[in-house]
Amino acid sequence: MTVSVSWYVILGAILFTIGVVGLLVRRNVLIMLMCIELMLNASNLTFVSFARQHQDVGGQADVFFVLVVAAAEVVVGLAIIVSIFRKRLGATADDLSSMKG
Amino acid sequence: MEHAVIFIPIIPLVSALFLISFGKKLGEPLSGWIATLAVGGSFVASVITWIGVLGSHGIDRTFIQHLFTWLPVGSFQVQMAFQADPLSVTMALFVSGVSTLIHLYSIEYMHGDKDFPKFFIYLNLFVASMLILVLGANLLITFLGWEGVGVCSYFLISFWFERPKAATAGKKAMIVNRIADVGFLMAMFLAFQSIGSLNYSNLISAAPHISHTTLTAIVVLAFVGAMGKSAQFPLFGWLADAMEGPTPVSALIHAATMVTAGVFLMVRLSPLLALAPGAAHFITIIGIITAFVAAAAGTSQNDIKKVLAYSTVSQLGYMFIGVGSGAYVAAIFLMVTHAFYKALLFLSAGSVIHGMNDEQDLKAMGALRALMPMTALAFFVGWMAIAGVPPFAGFFSKGDVLLGAYQQNIFIWLAGVITAGLTSYYMGREFCLAFLGKRRWEEKPKVKKAARSSHAAKEVHPHDPGFKMLGPILLLAGLAVIGGLLNLPFASSLKVLEHWLAPSLGIAPTPLHAASSSVQWVLAVVDAIVALGGGYIAFAIWSKKSKHPELEPVFLQSAWYIDATGNAVVAKSGTRLAEISADVIEPVVIDGAVVGVVNIAKFVGVGLHKIASGFVRREALVIAGGTVILLLAVGIRGGW
């Protein structure tokens with residue numbers, strides 16, 4: 001049985017959905033950050049799959065951009081979280097609503 | 001030989017650039033001598049060019065020196081080219097000749113001024129611009145010189161810019177000239193649109209083939225430009241105010257450069273003008289109005305230089321009468337002789353001002369004849385020449401213009417003759433007030449606020465100036481006496497200037513009735529009687545008493561209120577417009593628009609801020625929901 005491209009795409013979709021649902025239902029900020037990473041990597045997987053299907057290296061190149069952005073995002077996100085934890089203990093996402101308009 | 005034409009404008013230009021770099025270091029009087037030598041050099045170049053042009057005949061006397069293509073824009077090609085033909089060489093000869101004398105005079109006149117080298121930079125640039133103007137082979141080069149002359153006049157009129165009046169006068173000259181320059185520019189646009197070239201040779205050969213209306217428009221627009229430079233009614237106010245500049249500048253502006261540019265331009269375009277009789281009539285009418293209005297204003301001025309200023313305006317009016325009547329040679333003849341005697345009068349007036357420690361009020365002079373005999377003699381010659389007393393230069397040149405006017409229309413001639421009487425009268429009045437009568441000045445020094453020259457605080461001891469000032473004055477006096485020799489009317493062979501200029505000029509439409517020689521004699525006798533009569537009346541009235549208020553009405557002293565009218569119409573309404581802009585348009589319209597935009601943004605923001613809950617997960621849900629909806633929309637549109 002050959003593993004066709006559609007399997008990878010389906011896997012990517014499942015991972016992405018897990019990420020979305022996780023982001024929406026969990027309140028722990030660290031977990032939410034991990035869910036975002038999951039979504040980014042799901043899209044990376046989809047990129048690579050389609051790049052393979054179309055024999056187009058462009059999709060693989062995009063992955064590098066996503067990786068870089070993801071790394072930067074993690075740096076900034078973690079820094080924010082660390083500074084939040086310094087101010088208050090055990091904050092959840094729902095407690096952080098000071099951006100209310 | 002005619003290749004020397006290029007050197008005529010280049011020498012003073014290079015000298016000006018040299019003095020910009022080294023003038024301060026060379027100081028006084030060396031920088032003045034260099035400037036004088038440069039202009040003298042361009043006179044020599046003019047003479048060489050003239051000899052070269054004399055070597056060929058008729059139409060071959062037009063020599064064009066191409067240097068490079070200045071503006072290559074598609075089919076619009078403007079050459080940097082200079083043209084040596086009888087007209088431009090005549091102009092170059094008298095411009096550079098008279099300017100040399102004025103430069104020499106300035107060395108002594110400007111002695112002690114703290115900006116001595118700067119003055120000569122400006123003078124050189126001025127002369128260079130004027131020479132570019134007259135030698136240009138197309139309208140754009142002429143315009144280049146035209147603007148150069150304009151900017152130099154601004155520098156020189158407001159040379160003593162610490163005096164508020166001088167600074168204002170400079171600005172006025174600049175602005176009035178810019179207004180008129182619009183006419184010149186429009187004329188060039190129209191010429192290029194209808195003919196496709198700005199070269200004089202092309203314009204002249206194409207003139208008979210373009211429509212009469214276009215031709216008239218080109219000429220009238222060019223004349224509007226000329227009205228500014230040559231100070232024609234109603235744009236002459238700046239020339240009277242230009243008296244705020246140092247006297248040599250006045251002499252340069254009035255005699256050799258600047259104001260003659262307008263007349264030159266019209267004569268240069270005479271082949272076009274000859275085909276547009278409507279435009280010619282317009283020019284004649286403006287000319288006669290200017291000549292009379294300015295001469296009348298000149299009878300009531302009390303500033304020694306302002307009389308001369310209005311006299312220049314009036315004489316320029318005469319030149320335009322000549323141009324409009326088709327007497328182009330007479331216009332140039334009058335221009336050249338006018339350059340001699342007006343430079344003479346200004347330099348003599350400068351000598352008086354110099355001797356009187358910067359006093360310019362005629363009512364504070366008197367009895368200077370014994371103290372400044374040479375100046376008085378020179379001024380007398382100038383008076384006789386400008387009045388047109390035979391055999392002085394003005395008699396022949398003004399006679400030619402009046403003859404041209406007579407051949408067109410007897411009323412124009414009559415107005416010209418009346419103005420000639422006025423001319424003789426106001427110059428006589430000036431001569432009597434300055435040199436005759438009782439002494440009306442003190443030897444004690446008058447403390448002046450803005451006196452710049454070193455001799456300002458000394459006692460007043462009027463005296464004839466030194467050789468650097470007196471030499472040019474006497475030379476010009478000689479020229480003012482014999483200038484008529486250029487174009488004597490007695491026999492065809494004596495009309496030297498007419499034969500010489502003929503190839504450059506258009507052929508005037510045939511006169512309504514050519515005057516017979518007996519009529520010419522009668523006209524000449526009338527001219528002479530009027531000139532002598534005007535002078536005698538002035539002598540009888542003004543040589544004894546210096547106050548005749550009834551002969552100096554206020555409306556003539558303020559030059560027919562033309563400046564005041566311009567002020568009321570243009571300046572007042574302009575100020576009102578500015579006030580309306582400041583009080584109404586700015587706060588209501590502009591601020592209203594700006595505040596309106598702010599209010600819209602504020603309103604929208606207040607409405608939308610409720611959406612921002614601040615809960616990260618709710619916003620993530622909105623994003624996710626939005627993405628799903630978008631994907632569905634794309635999918636449905638894609639037929640899936």
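At what angle do helix H14 (residues 304-324) of chain B and helix H17 (residues 393-408) of chain B pack? In this predicted model, local features need pLDDT of at least 70 and side-chain atom pairs count only at pLDDT 80 or more, whereas totals for chains, interfaces and linings use all residues. Residues are numbered from 1 along each chain as its sequence is written, with chains lettered from A and ligands numbered from 1 in the order in which they are written.

The two helices, taken as DSSP runs of H or I with at least four residues and numbered from the N terminus, pack at an angle of about 45 degrees with their axes 8 Å apart, the axes being lines fitted to C-alpha atoms over the stretch in contact and the angles running from 0 to 180 degrees between N-to-C directions. Contacts, defined by C-beta atoms that are placed from the backbone and lie within 7 Å, join Tyr318(B), Ile321(B) and Gly322(B) in H14(B) to Lys398(B), Val401(B), Gly404(B) and Ala405(B) in H17(B).

Chain A comprises 3 helices and 0 strands, and its C-alpha trace spans about 50 × 25 × 25 Å along the principal axes. Of the contacts in chain A with a separation of 6 or more, 48% are accounted for by residues 24 or more positions apart. Towards the partner chain, 11 residues of chain A are in contact with 12 residues of chain B.

Notes. Contact = placed C-beta atoms within 7 Å.
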